[in-house]
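User: I would like a close look at a single part of this model.

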Amino acid sequence: MFYELWTVSSFGPGEPLMPLTREAMAESFSSIYDKFTKLNKTTPCVIVLNDSKSKEKIYESPDGGKTVYERNFGDYDNRTKIKGS
């Protein structure tokens, strides 16, 4: 199991964000989250969990890291808050 940090892009207004370029990879969530909070200040990005035993997960934050949501890769409708108030 490892986490990947990806920059994201949208194909147009109202379109979902899609992973574009992998920026980093780590086994520790806290390690990749530190990189996410720095990069997310200037570039939209997400954390992807790669685990061969389960579906890939996306970790995204609409507010620069204060709140973090988890969702299955490709599922844009169902997400779970895992950090924040």
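Leaving aside its neighbours within four places in sequence, which residues is Arg 71 in contact with?

Analyst: This is a predicted model, in which local features need pLDDT of at least 70 and side-chain atom pairs count only at pLDDT 80 or more, while totals for chains, interfaces and linings use all residues. Residues are numbered from 1 along each chain as its sequence is written, and side-chain values use heavy atoms, with hydrogens and water left out.

Beyond the four places in sequence on either side, Arg 71 is in contact with Glu 56, Lys 57, Ile 58, Glu 60, Tyr 76, Asn 78 and Arg 79; contact means heavy atoms within 4.5 Å. With Glu 60 there is also a polar contact between the two side chains, at 2.7 Å. A polar contact is a pair of N or O atoms within 3.5 Å; within protein, one must be able to donate a hydrogen and the other to accept it, and residues adjacent in sequence count only if both atoms are side-chain atoms.

Arg 71 has a relative accessible area of 8% and is therefore buried (under 20%; exposed is over 50%, partly exposed in between, with a 1.4 Å probe and protein chains only). Arg 71 belongs to strand β5, residues 68-72; strands (E, at least two residues) and helices (H or I, at least four) are DSSP runs, numbered from the N terminus.

Val 68 also has Glu 60 among its contacts, along with others including Tyr 33, Tyr 59 and Ile 82. Val 68, Tyr 33 and Tyr 59 are among the twelve residues of the largest nonpolar core, a set of buried Ala, Val, Leu, Ile, Met, Phe, Trp, Tyr and Cys residues joined through side-chain atoms within 4.5 Å. To this core β1, β2, α1 (29-39) and β3 each supply at least two residues.
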